[in-house]
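Trainee: Could you take one part of this model and go through it closely? I would like to follow the strands of chain A and the charged side chains around them.

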Number of protein chains: 2
Amino acid sequence: MKKDRGMDAFFKPRTVAVLGASSNPKKIGHVIFRNFVENGFKNVYPVNPKAEPAMGHKAYPSLASIPKKIDLAIIATPAETVPELMEDCAKKNVKAVVVISGGFSEVGRKDLEDKVKEISKKSNIRVIGPNCIGVMDKSRGVDTMFLPTYRLARPPIGNIAFLSQSGAVGSAIVDWCGKEMFGISKFISYGNAVDVNEISLIEYLSKDRDTKVIAAYLEGTHNGRELMRVARKVSRKKPIVMIKAGRSENGAKAVASHTGSLAGSDQIFDSACRQCGIIRAYSTEDLFDYAQALDTQPVAKGNRIAIITNGGGFGVIATDSCEEEGLVLAKFEDKTIEEVKKGIPWYAVPKNPLDIVGDADAARYRTAIENAAKDPNVDGIVCVVLFQTAPLESEVVDVIAQAMEYGKPIVVCSAGGDYTEVHRKMLERSGIPAFPTPERAVRAMGCLVKYGRYLQKTKGR
Amino acid sequence: MKKDRGMDAFFKPRTVAVLGASSNPKKIGHVIFRNFVENGFKNVYPVNPKAEPAMGHKAYPSLASIPKKIDLAIIATPAETVPELMEDCAKKNVKAVVVISGGFSEVGRKDLEDKVKEISKKSNIRVIGPNCIGVMDKSRGVDTMFLPTYRLARPPIGNIAFLSQSGAVGSAIVDWCGKEMFGISKFISYGNAVDVNEISLIEYLSKDRDTKVIAAYLEGTHNGRELMRVARKVSRKKPIVMIKAGRSENGAKAVASHTGSLAGSDQIFDSACRQCGIIRAYSTEDLFDYAQALDTQPVAKGNRIAIITNGGGFGVIATDSCEEEGLVLAKFEDKTIEEVKKGIPWYAVPKNPLDIVGDADAARYRTAIENAAKDPNVDGIVCVVLFQTAPLESEVVDVIAQAMEYGKPIVVCSAGGDYTEVHRKMLERSGIPAFPTPERAVRAMGCLVKYGRYLQKTKGR
């Protein structure tokens, strides 16, 4: 594929040069170099004019002086120096360059940016940036994020690829994933996008075996028609979740001064997304929640939902939320009702939402979930598990995880404090998306229903 | 006030009897008795038929045998025994009773519930419950919540009173407050509400000096007209934030089988809320966020908002959210722009949203926030603080807290992982509501604008 030309060099480089890496730990280049070393990446070379060693590693005064071929160069030097360094990269036949440096079109230096673009084109070098925080692929030891690890946690290796036009939004998301222990396959902040942009990234990630879900923060698109063409193709095999900022009039103006993108008409973008299967998130929370649900759960085959809860109030809230999401309450089969009746006390009523009441234990959850999962009228299960009650032991986590064998999507709401949070995370590590509010759980289920519907609609086309 | 007759006995009892407290730590009565003892409450008496001591405290075989007057009795025995125990309370001239026990109208035993109601009326005893988790006022050592403290954290003493028709929703909220360290003045789960209900509670809390904000979870109201009359009066001096579940058709049905309330038309309820100043939350997250904002921040005098951020993308998202909330971007005065210019680098643009860019430190935040706060065109400040960047030291927390002296509302968004969370909590403990997403921060500001508008509209009326 011509489009993917050289993209692998960003994520699977054999050799890396960090331009601007010196002994000064305050310098961005130093931090990036250290990331590679600490990740166990072997062939990484610091480059700085005085050839000052970095972290005891021999440094080079120039790219040319490195006695090896270089796949990936990372530039973290002042903007004015970047065009010349790009020329060095061209001479050295570097395949890909990440330009971390800011100080280009975003501050009125379009001239410098145009030079970078020109060299990229004429020398066939792939470029990410400038004005970005670059790329991360922990499975290969690649990490150009120059933000201190004590401030920005690095998430574990997983299946979600995040791409972000904004470095700040991107780094907050990565940090958040680190805290929640959500696995990331790749992270890319593409900044001013002189070459690689959201379109080439989505295309590349669609073929990346490590990536199951593509999540994106965009402020504008570099080519709406092309984005839609690519998305239509990709979304049939991998979900694309997208938050597109600059929806409002003032938001669009803010976008223009932030990334210089044209935000465009939001309504047009919205209907384009629907047509080509992009799942649009309208809040940062949803972006995150949708990606998690799509990563761990199968899509729903329909919109008929069973709600199971040990707290009636949360059952009511979840029911309200279902209606808002276009989900309907499944009508249980008679057989389901009979079976559930056997496992719940006389004062609980075997209907949907299924309130198995405050003294429910893990066994009662098992009865409810298994029978709901077996019911052909049920397409997905929203399970509210309140851990404040004494009879509910941690075993319920296994009970819910085991119910995944029925092949229907399950999401959980567990609202509360520290004891609850421990269990919420146990659920998540067992592959069950678990949310601190019923509304978020239902919206995540809504996403699985919408994507399921899109896949069915486009099947065979 | 006739309406408040005896209500103090729930929250400020001098003497308490726990009916059903025994030596068995698995019994609800035991847990409740222990709460009082552990809170240092002196005059609490366990009562059980065999006079088994509880936690080494002398127990009594009946209420009558306690050689003291009893202000508050807590009943945690099977439903069938409750009417008789209520009669005992009447004979003993107990002022108030919390009936924790379930097994009444919610399971078809309206007969038992009617008896409790009848005794309450004829003997002038105030009753909370049955089928509830009761009351908590930590400042007086009162806590009838029978959920284990290791599962359900108790929040610190503060200004927000929570009342909940659902015990499960209530306990999840209390637990959540415990984790977030939000201060609660009083918590009340009122269950089947044979006597005390949402209306009497709102009226009582309006006069409670410890309570600044009233937050409520309702599934229905016991008297819509009366609720509105009381709310109209109360909301002029204290904000009432309310989540009303059963909004959808199926949600209303779920309500009927959960608490037996009539959910009623949601549109009518909605316009009634607007008329009488109830701030309606449409999600559990909002209920919580609104209460926190109203507790710590002044209301906004208008809807002109300044957005300050060290990450452009979050500035864009916040701008979008403002439009959704009916907030407008403030137009800075020339003087503000001049002053801000002095404190930001050349590559940052002094306009709203004010992106002070990724290398912002605490001093730059000070310039931005102080000047925005002084600008007469600004009614409130939404401040995005991303802690992932190296130059931003913890001092920014003090900078933001100090800006409260200008008397304008400030809310913060800090998105990220553990390092961020530590600082988000530092902000909250300094009295600044700080949220993990920009959308939530803006919605909280929206609430301060809406309530401010209501206060202005009703002033002098």
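Mentor: What follows goes from the strands of chain A to the charged side chains. Bear in mind that this is a predicted model.

Start with the open sheet of seven strands in chain A, whose order is S7-S6-S9-S8-S10-S11-S12, with mixed pairing. Its edges are strand S7 (142–143) and strand S12 (278–281), each of which pairs on one side only. Within this sheet, strand S8 (residues 157–164) and strand S9 (residues 184–189) of chain A run parallel and are joined by six bridges. One residue pair to look at there is Ser164(A), which has Ser189(A) in S9(A) as its bridge partner.

Now turn to strand S16 (residues 380–384) of chain A, where five of the five residues are buried. The cover is on both faces: Gly380(A), Val382(A) and Val384(A) are buried on one side, and Ile381(A) and Cys383(A) on the other. S16(A) pairs in the parallel sense with strand S13 (residues 304–309) of chain A over five bridges, and Gly380(A) stands opposite Ile305(A). S16(A) is also joined to strand S17 (residues 410–413) of chain A by four bridges, again running parallel. There the bridge partner of Ile381(A) is Ile410(A) in S17(A).

Back to the charges. Over all chains the count of salt bridges is 69. Lys233(A) and Glu203(A) meet in a salt bridge at 2.7 Å, N to O. This pair, too, links distant parts of the chain: Lys233(A) is in helix H7 (residues 224–234), Glu203(A) in helix H6 (residues 198–206), and they are 30 residues apart. Glu203(A) counts as buried because its relative accessible area is 1%, while Lys233(A) is partly exposed because its value is 42%.

The other pair is Arg34(A) with Glu38(A), a salt bridge whose closest N and O atoms are 4.0 Å apart. Both residues lie in helix H2 (residues 28–38) of chain A, four residues apart, about one turn of the helix. Arg34(A) is partly exposed, as its relative accessible area is 26%; Glu38(A), at 55%, is exposed.

Some salt bridges form a network with members in chains A and B. Those linked in it from chain A are Glu285(A), Asp286(A), Asp289(A), Arg440(A) and Arg443(A), and from chain B they are Glu285(B), Asp286(B), Asp289(B), Arg440(B) and Arg443(B).

Last, the surface of chain A carries a patch of positive charge made up of Arg232(A), Arg236(A), Lys457(A) and Arg461(A). Of these, Arg461(A) lies in the segment after helix H16 (438–458). Arg461(A) counts as exposed because its relative accessibility is 63%, above the cut-off of 50%.

Notes:
Residues numbered from 1 in each chain as written. Chains lettered and ligands numbered in written order. Predicted model: local features only at pLDDT ≥ 70, side-chain atom pairs only at ≥ 80, totals over all residues. Heavy atoms only, no water. Pairing = 2+ DSSP bridges. Helix = DSSP H or I, 4+ residues; strand = E, 2+ residues; numbered from the N terminus. Patch = residues over 30% accessible without salt bridge, like charges linked within 9 Å, V, L, I, M, F, W, Y side chains within 5 Å. Areas by Shrake-Rupley, 256 points an atom, 1.4 Å probe, with all protein chains shown as cover. Salt bridge = Lys/Arg side-chain N within 4 Å of Asp/Glu carboxyl O. Lys, Arg positive; Asp, Glu negative; His and termini not counted. Charge placed at Lys NZ, Arg CZ, Asp CG, Glu CD. Buried < 20%, exposed > 50% of the residue type's maximum accessible area, 1.4 Å probe, protein only.
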